[in-house]
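Hi there,

Here is the structure I promised to pass along. Have a look at it, and then read on for what turned up.

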Amino acid sequence: MAQAATLNDAQIKRALRYCQSRRYVIRDSTILLFSLYTGLRAKELAALCVGDVYNEDGTVRTQFTLRAEQTKGSRTRTVFVNAALTAQLLRYAAWRNIKPSLRTAALFRSQKGNHFSANTMCQLFLNIYKACGLSDASSHSGRRTFITRLANKGVGVRVLAALAGHSSIAVTQKYIEINDTQLANAVELL
C-alpha cells in the first residue's frame with residue numbers, strides 16, 4: 001500500500017477552504033488542523049474526550065496525555081498543543097459550547113452525537129481530500145505532513161519519534177518525505 005501524501009501549504013489551504021463549504025465547518029476544520037499540528041492518527045482523534053484537551057475552566061491544555069486505550073500501540077504519550085491549534089480549539093469550544101461538565105464527552109461528535117469510530121474518522125478525511133482533488137491523501141496525511149515539516153525544520157528523529165509515539169526511529173524515518181527543500185538546505189550547510 002502506498003504511503004499517504006504529504007501535504008504542501010497550497011493543498012492544506014485548499015482542504016481548509018473546502019471545509020468552509022461543509023455542514024460542520026468548525027468541527028471539520030478543527031479535525032484537519034488537529035491532525036496537521038499534532039500528527040495524531042484517525043483512531044486517536046476519534047477517541048479524544050473534551051477533558052483530554054480542555055481544562056476544567058475551559059482553557060485549552062498546552063499538553064495532554066493520550067491514554068493507552070486511545071493509541072495504536074497501547075502506550076500512553078504526551079501530545080503538545082501549539083498556539084495555532086490552541087486558537088482553533090478556542091473557536092471550536094465557543095462553536096460547540098463546551099462546558100466543564102462535558103469532560104467525558106466526545107471531543108469530536110459524529111452526526112449521531114457520539115464519538116466517531118476510527119473508520120468513520122478515516123472516511124471524513126478521505127471525503128474532504130477527495131473533494132479537493134487530493135487523491136493520494138488520507139487520514140495519515142496530516143501525520144506524515146506533521147513529521148516531515150518538523151524534520152524539514154531540523155527537529156531530530158528521536159524527538160520526532162517521541163512526538164509520533166513510535167518506539168523505533170526506523171518507523172519514524174519512513175514517514176519523512178525527502179524533498180527538494182531538505183536537499184537544498186542540506187548542501188547549504190557546507
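**Aromatic cluster and a helix crossing**

F34, F64, Y92, W95 and F108 come together as one aromatic cluster. Please keep in mind that this is a predicted model. Over the whole structure, the search turned up five aromatic pairs. One of them joins Y92 and W95, with ring centres 5.7 Å apart and planes at 35° to each other, which makes the pair tilted.

W95, in contrast, counts as partly exposed, because its relative accessibility is 43%.

The other thing I wanted to show you is a helix packing. The axes of helix 2 (residues 25-38) and helix 7 (residues 141-152) approach to within 6 Å, crossing at roughly 35°. The crossing of helix 2 past helix 7 is right-handed.

Which residues make the contact between helix 2 and helix 7? From helix 2 they are S35, L36, Y37 and T38, and these meet G142, R143, T145 and F146 of helix 7. Sorted by class, this contact holds three nonpolar residues, four polar ones and one charged one.

Happy browsing, and do write back with any thoughts.

Best wishes

Technical notes
Residues are numbered from 1 along each chain as its sequence is written. This is a predicted model: local features need pLDDT of at least 70, side-chain atom pairs count only at pLDDT 80 or more; totals for chains, interfaces and linings use all residues. Side-chain values use heavy atoms; hydrogens and water are left out. Rings of Phe, Tyr and Trp (its six-membered ring) pair if their centres lie within 6.5 Å; planes under 30 degrees apart count as stacked, over 60 as edge-to-face and the rest as tilted. Buried means under 20% relative accessible area, exposed over 50%, partly exposed in between (1.4 Å probe, protein chains only). Axes are lines fitted to C-alpha atoms, for helices over the stretch in contact, and angles run from 0 to 180 degrees between N-to-C directions. Helices (H or I, at least four residues) and strands (E, at least two) are DSSP runs, numbered from the N terminus. A crossing is left-handed if the near helix is turned anticlockwise from the far one by less than a right angle, and right-handed if clockwise. Contact means heavy atoms within 4.5 Å. Ala, Val, Leu, Ile, Met, Phe, Trp, Tyr, Cys and Pro count as nonpolar, Asp, Glu, Lys and Arg as charged, and the others, Gly among them, as polar.
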